[in-house]
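This briefing goes through a protein model, one topic at a time. Please keep the sequence and the structure open while reading.

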Amino acid sequence: MADESPLSSVQEQIRAAVRLREADDVGGAYALLAPLWPEVEHGDAFDRLFFAHSFADVQAWPDEELRWDLIALDALGGVTEERAADQGVHGGVAGLRPSLHLNLAYSYARVGDMDSAQGHYRLALSDVDALDHEKLRAGHPAGVDGLCR
């Protein structure tokens, strides 16, 4: 099972992969993340959520991105308020929901399921009080508002 300290080695590797993706090295990020799944799949729910949320962003195909976004949302059910607080998540578990639903809205739109996209967009907006609204928008693909309204 993954180390549940505030910054586990799994989380450090995921963060390194996120930095690679943000530097437009999607292939490098994918290569760093892919071998971690067996370690996080049945371990700590926060690590599983963080992994799936990050791994979704490096998928080449929209249906795979959607699959990993759904895994991230599923992992949320196992994240405790204490664990979210240990990770410094603003708003606790509720602070994680808007981002997960916004990613799902985007992924559903990419696969052509606009009803599901709009539903997740509405869920993201209903949970947005847990986060700074501008911070939520800054971290997600431009145009999600237009896709889902």
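The model is predicted. It contains 10 helices and zero strands. Of its 149 residues, 45% are buried.

**Overall fold**

- Along the sequence the pattern reads α-α-α-α-α-α-α-α-α-α.
- When contacts between residues at least 6 apart in sequence are considered, 61% of them join residues at least 24 apart.

**Helix pair H1 and H4**

- Two packed helices are described by the angle between their axes and the distance between the axes.
- Helix H1 covers residues 9-22 and helix H4 covers residues 45-56; their axes come within 10 Å and cross at roughly 15°.
- Angles under 35 degrees count as roughly parallel, and H1 and H4 are therefore roughly parallel to each other.
- The crossing of H1 and H4 is left-handed.
- On the H1 side the contact involves Val 10, Gln 11, Ile 14, Arg 15 and Val 18, and these meet Phe 46, Asp 47, Phe 50, Phe 51 and Ser 54 of H4.
- Sorted by class, the contact of H1 with H4 has six nonpolar, two polar and two charged residues.

**Helix pair H4 and H5**

- The axes of H4 and H5 come within 8 Å, with a crossing angle of roughly 160°.
- That angle makes H4 roughly antiparallel to H5, since angles over 145 degrees count as roughly antiparallel.
- H4 and H5 have a left-handed crossing.
- From H4, the residues Ala 45, Arg 48, Leu 49, Phe 51, Ala 52, His 53, Phe 55 and Ala 56 take part; from H5, their partners are Glu 65, Trp 68, Asp 69, Ile 71, Ala 72, Ala 75 and Leu 76.
- By class, 11 nonpolar, one polar and three charged residues form the contact of H4 with H5.

**Helix pair H7 and H8**

- Helix H7 (residues 97-110) packs with helix H8 (residues 114-127) at an angle of about 165°, and the axes are 7 Å apart.
- H7 and H8 are therefore roughly antiparallel to each other.
- The crossing of H7 and H8 is left-handed.
- Residues of H7 that meet H8 include Arg 97, His 101, Leu 104 and Tyr 108, and residues of H8 that meet H7 include Met 114, Ala 117, His 120 and Tyr 121.
- The class count for the contact of H7 with H8 is 11 nonpolar, three polar and two charged residues.

**Nonpolar cores**

- In soluble globular proteins, nonpolar side chains tend to be buried together.
- The largest nonpolar core has 28 residues, and the members that touch the most other members are Ile 14, Leu 33, Leu 49, Phe 51, Trp 68, Val 79 and Leu 96.
- At least two residues of this core come from each of H1, helix H2 (26-33), helix H3 (37-40), H4 and helix H5 (62-76).
- H4 gives the most to this core, with eight residues.
- A second, separate core has five residues, among them Leu 66, Leu 104, Tyr 108 and Ala 117.
- Apart from neighbours within four places in sequence, Leu 49 contacts Ala 72, Ala 75, Leu 76, Val 79, Leu 96 and Leu 100.

**Ile 14**

- Ile 14 sits in helix H1.
- The relative accessible area of Ile 14 is 0%, so it is buried.
- If residues up to four places away in sequence are not counted, Ile 14 touches Leu 33, Leu 36, Asp 47, Phe 50, Phe 51 and Ser 54.
- Between the C-alpha atoms of Ile 14 and Ala 52 there are 9.8 Å, while the two residues are 38 apart in sequence.

- Most residues other than glycine have a negative phi, and most peptide bonds are trans.
- Asp 24, although not a glycine, has a positive phi of about 65°.
- Asp 24 belongs to the loop between H1 and H2.
- With a relative accessible area of 70%, Asp 24 is exposed.
- Gly 28 is part of helix H2.
- Gly 28 counts as partly exposed because its relative accessibility is 22%, and the range for that class lies between 20% and 50%.
- Gly 28 and Ala 16 are 12 residues apart along the chain, and their C-alpha atoms are separated by 9.9 Å.

Key: Residues are numbered from 1 along each chain as its sequence is written. This is a predicted model: local features need pLDDT of at least 70, side-chain atom pairs count only at pLDDT 80 or more; totals for chains, interfaces and linings use all residues. Side-chain values use heavy atoms; hydrogens and water are left out. Axes are lines fitted to C-alpha atoms, for helices over the stretch in contact, and angles run from 0 to 180 degrees between N-to-C directions. Helices (H or I, at least four residues) and strands (E, at least two) are DSSP runs, numbered from the N terminus. Angles under 35 degrees count as roughly parallel, over 145 as roughly antiparallel, 65 to 115 as roughly perpendicular and the rest as oblique. A crossing is left-handed if the near helix is turned anticlockwise from the far one by less than a right angle, and right-handed if clockwise. Contact means heavy atoms within 4.5 Å. Ala, Val, Leu, Ile, Met, Phe, Trp, Tyr, Cys and Pro count as nonpolar, Asp, Glu, Lys and Arg as charged, and the others, Gly among them, as polar. A nonpolar core is a set of buried Ala, Val, Leu, Ile, Met, Phe, Trp, Tyr and Cys residues joined through side-chain atoms within 4.5 Å. Buried means under 20% relative accessible area, exposed over 50%, partly exposed in between (1.4 Å probe, protein chains only).
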